[in-house]
Amino acid sequence: MSIPSEIQQLHAEMRQWRRHLHQFPETAFEETATAEFIAGKLSGFGLDVHQGLGKTGVVATLSTGDGAGKIALRADMDALFIQERNTFDHKSRHDGKMHACGHDGHSAMLLGAASYLARHRDFDGTVYFIFQPAEEGRAGAKQMILDGLFEKFPADCVFGLHNFPDIPLGHFAVKSGPMMASFDCFEIILTGQATHAAMPHLGNDAIVAAAQLITALQTIVSRTVDPAEQAVVSITQIHAGQTWNALPESVVLRGTFRCFSDSAQKTIADKISQLTHALCQGFNVTAEIKLNPENPGYPITFNTEEETRMALNAAIAIVGEDCINRQPTPSMGSEDFAFMLQEKPGCYLWLGNGSSENGCLLHNPHYDFNDAILPIGAAYWVKLVETALPK
Ligand SMILES: [Zn+2]
Ligand SMILES: [Zn+2]
């Protein structure tokens, strides 16, 4: 492990920041106190700070020398609607909200890197530190981009990271190509004709049609998507009926699908529509399909080769080749950093949090970011900047 002593010395301060953020979690587009806290620290380091992109987003700029290179580093800062069940001192003070995904740690590590780089400036060019809102399901990255993120801060490339329980502590996992799946939601409303349960022939039963449809949708991955691809289609909600002896007029199905290629994403969406309409016609039931009815879907998190090589080299310089997994299995989870990777070449990697036995898995009410990796993440960011923008 090769962590500059000045970053080691920042460990206690980063832990303090991280635990402060953990105590006061804020959810999508409401990260106002979080943004103020982060912007205050960045201003204190002497950086130019911009607020308000994506409502609560914070972007700080640090330039040194006359190099033209511009690199963007991104941390997410939102929490989840989960009631924390930890009892330690820095547990959430906000009822029903908690940092169960470690975004408190991501913010603290990037602040640590900003603090170090502002003092040492051992690079030549421009660094943009992006603190984004609403990663959890609300596409804060997309909102920042729509608000002009990359016009105001024209980075050449962009980098992100996520802590990952069950990857050994301080190990990095990264590869070029897809790291995380695309994520889409769908809602299907089937409308038949309500009738007495004893006289089904006098109506059109939307429940039986829905049952057939749920089974038919299970064939999309097995019969329509190329077997060499990975994909999943899940129905996650069924809503219908109010009583024992009547067939309801309508059934609402909701679900999600995830995959690793644009072609599979389109195939699945098309097939959901085709199966739904064809099957419903046979049952005299009408169907309305809404794709991503509440929030935007997330694209595939796709790492470009050159930027993955840069990230790998920085990680190796910090933790050594033995602590690098170059062939991680891509996750069926998704990540809105994917929107930034659609705009700019870049790389997203996982930093091991250690065993999940004590720290639990992400989105668990007992989760707590492992403070031991704060200096490792900060040192990785610093190394990445120093190697991407050499003096
Ligand atoms: Zn999460
Ligand atoms: Zn997360």
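At 21% relative accessibility, Asn 204 comes out as partly exposed; on this scale buried means under 20% relative accessible area, exposed over 50%, and partly exposed anything in between (1.4 Å probe, protein chains only). The model is a predicted one, so local features need pLDDT of at least 70 and side-chain atom pairs count only at pLDDT 80 or more, while totals for chains, interfaces and linings use all residues. Residues are numbered from 1 along each chain as its sequence is written, chains are lettered from A and ligands numbered from 1 in the order in which they are written, and side-chain values use heavy atoms, with hydrogens and water left out.

Asn 204 sits in the loop between β9 (195–196) and α7 (206–217); helices (H or I, at least four residues) and strands (E, at least two) are DSSP runs numbered from the N terminus. Setting aside residues up to four places away in sequence, Asn 204 touches Gly 192, Gln 193, Phe 283, Asn 284 and Val 285, where contact means heavy atoms within 4.5 Å. Pro 248, 44 residues away in sequence, has its C-alpha 9.3 Å from that of Asn 204.

Next, the metal site. The zinc ion (ligand 2) has Cys 101 (SG), His 103 (NE2) and His 162 (NE2) as its protein donors, at 2.0 to 2.3 Å. Donors are N, O and S atoms within 2.8 Å of the metal (3.2 Å for Na, K and Ca), and sites may look incomplete because water is not among the atoms. Along the chain, the donors follow the spacing C-x1-H-x58-H. His 103 belongs to helix α4 (residues 103–120) and His 162 to strand β5 (residues 157–165), so the pair ties together parts that are 59 residues apart in sequence. His 103 is buried at 0% relative accessible area, and His 162 is buried at 5%. Cys 101 bridges the zinc ion (ligand 2) and the zinc ion (ligand 1), which lie 3.1 Å apart.

Helix α4 also packs against another helix. The axes of α4 and helix α13 (residues 374–388) come within 8 Å and cross at roughly 50°; axes are lines fitted to C-alpha atoms, for helices over the stretch in contact, and angles run from 0 to 180 degrees between N-to-C directions. The two helices are therefore oblique to each other, given that angles under 35 degrees count as roughly parallel, over 145 as roughly antiparallel, 65 to 115 as roughly perpendicular and the rest as oblique. Residues meeting across this pair include Ala 108 and Tyr 116 in α4, and Gly 377 and Trp 381 in α13. Elsewhere in α4, Ser 115 is buried at 6% relative accessibility, and its side chain makes a polar contact of 3.1 Å with that of Arg 119. Beyond its neighbours within four places in sequence, Ser 115 is in contact with Leu 10 and Phe 45.

Helix α2 (residues 11–23) packs on α13 as well, at an angle of about 105° with the axes 9 Å apart. This pair is therefore roughly perpendicular. His 11, Met 14, Arg 15 and Arg 18 of α2 make the contact with Leu 374, Pro 375 and Ala 378 of α13.

Definitions and conventions. Polar contact = N/O pair within 3.5 Å; in protein donor to acceptor, adjacent residues only side chain to side chain.
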